[in-house]
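Subject: Structure handover

Hello,

Here is the structure for your own work. My notes on what turned up in it follow below.

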Amino acid sequence: MIVNTHEAKTRLSELLRRVEAGEEIIIGRGGRPIARLSPYERDLEPRHPGAWRGRVRIAEDFDELPDDILDGFSGGKSSNL
């Protein structure tokens, strides 16, 4: 179902009830789809803090850049931050 933006603003509560019931609604402008309203789905698998412990290593100098690369971001000569 495609609903134009004006109609979506006017009927938002009704559209949300339909989405809660499992329907997907496309919002369009000038007949062209621009957004999708769909039911929110929670992650089925709970997070496990620390699950990546020992698998990821961050180098001690990960936030240091060579001056030539840093200059490319800052637009000129700069000292390493």
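**Salt bridges**

Glu 23 and Arg 18 are joined by a salt bridge between their side chains, at 2.8 Å from N to O. Please keep in mind throughout that this is a predicted model. Glu 23 has a relative accessibility of 28% and counts as partly exposed. Arg 18 falls in that class too, with 24% relative accessibility. Salt bridges with shared partners link Glu 7, Arg 11, Glu 14, Arg 18 and Glu 23 into one network.

- Glu 14 is partly exposed, at 31% relative accessible area, and Arg 11 is partly exposed at 21% relative accessibility.

Over the whole structure, the search gives 5 salt bridges.

**Strands**

How do strands E2 and E3 run relative to one another, parallel or antiparallel? E2 (residues 25–29) and E3 (residues 32–37) are antiparallel, and 5 bridges join them. One of the bridge pairs is Ile 25 with Leu 37 in E3. The two strands make a hairpin with 2 residues between them. Gly 30, in the turn, has a positive phi of about 60°.

E2 also pairs with strand E1 (residues 2–4), here in the parallel sense and over 3 bridges. In that pairing, Asn 4 is opposite Gly 28 of E2. Of the 5 residues in E2, 4 are buried, so the strand is largely enclosed by the rest of the structure.

**Nonpolar core**

Which residues make up the largest nonpolar core? There are 7 in all: Val 3, Ala 8, Leu 15, Val 19, Ile 25, Ile 27 and Leu 37. Helix H2 (12–20) and strand E2 are the elements that contribute two or more residues to this core.

Val 19 touches both of them, along with Ser 38 and Pro 39, when residues up to four places away in sequence are left out of the count.

That is what I have on this one.

Regards

How values were computed: Residues numbered from 1 in each chain as written. Predicted model: local features only at pLDDT ≥ 70, side-chain atom pairs only at ≥ 80, totals over all residues. Heavy atoms only, no water. Pairing = 2+ DSSP bridges. Buried < 20%, exposed > 50% of the residue type's maximum accessible area, 1.4 Å probe, protein only. Core = buried A, V, L, I, M, F, W, Y, C linked by side-chain atoms within 4.5 Å. Contact = heavy atoms within 4.5 Å. Salt bridge = Lys/Arg side-chain N within 4 Å of Asp/Glu carboxyl O.
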